[in-house]
Amino acid sequence: MTFDNIVLYDGDCGFCNFWVQWILKRDRKGRFRFAPLQSGYGQEYLRSRGLPAENFSTLYFLKNGRRYTKMYAVIEIGRTLGGGYRALGLLRVFPKIVLDKIYDMVAENRKKIAGESCLLPSAQQRERFIS
């Protein structure tokens, strides 16, 4: 099963779920699909590419056959949303190593930031989730 514009995220993280909801609200064209890294799809994706299947601290965004990770995933999600969110592309002036370090610092503290609570998607939004 292949899709495009897939956001793979930590499904057990309230911070990550907040951002999934944030994307859903702004994705008026319904272009994005979502799969928790813990889901069957997420686990198969990780294993089939030799990525750690038990580490859920990395955000992945799959678009046009490419895989974006961490801050580059955030940047590309913004570019895909379009409008003012394309400005996230300006972050590419910073070296990837710097952007990844910032991402990693947030990822290490994300559960402290938002706790373990999760926002539940509506029935219409659930159609865009891959299990």
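Among contacts in the chain of this predicted model between residues at least 6 apart in sequence, 65% join residues at least 24 apart. Colour the chain by secondary structure next, and you will find five helices and four strands, which from the N terminus on follow the order β-α-β-α-β-β-α-α-α. The radius of gyration is 14 Å, close to the 14 Å that the globule rule gives for 131 residues, so the chain is as compact as a globular protein of that length. Buried residues account for 44% of the 131 residues.

Now select Val7, Tyr9, Phe32, Phe34, Leu59, Phe61 and Ile77, the residues with the most contacts inside the largest nonpolar core, which has 22 residues. Strand 1, helix 1, helix 3 and helix 4 each give two or more residues to this core, and helix 3 gives the most, with six. A second, separate core has 12 residues, including Leu8, Leu37, Tyr41 and Leu62.

Centre the view on tyrosine 9: leaving aside neighbours within four places in sequence, its contacts include Cys16, Val20, Phe34, Leu59 and Phe129.

Finally, turn to the largest pocket, whose volume is about 580 Å³. Of the 26 residues that line this pocket, select Phe15, Trp19, Leu59, Val74 and Tyr103, which lie nearest its centre. Strand 1 (6-9), helix 1 (14-26), helix 3 (70-81) and helix 4 (96-114) each supply at least two residues of the lining, and by residue type the lining divides into 21 nonpolar, three polar and two charged.

Technical notes: Residues numbered from 1 in each chain as written. Predicted model: local features only at pLDDT ≥ 70, side-chain atom pairs only at ≥ 80, totals over all residues. Heavy atoms only, no water. 1 Å grid on protein atoms, 1.4 Å probe; cavity = no way out; pocket = protein on both sides within 12 Å on 5 of 7 lines; lining within 4 Å. Points joined across faces, edges and corners; volume = space filled by probe spheres on them. Nonpolar A, V, L, I, M, F, W, Y, C, P; charged D, E, K, R; others polar. Core = buried A, V, L, I, M, F, W, Y, C linked by side-chain atoms within 4.5 Å. Buried < 20%, exposed > 50% of the residue type's maximum accessible area, 1.4 Å probe, protein only. Contact = heavy atoms within 4.5 Å. Rg over C-alpha atoms; globule rule 2.2 N^0.38 Å.
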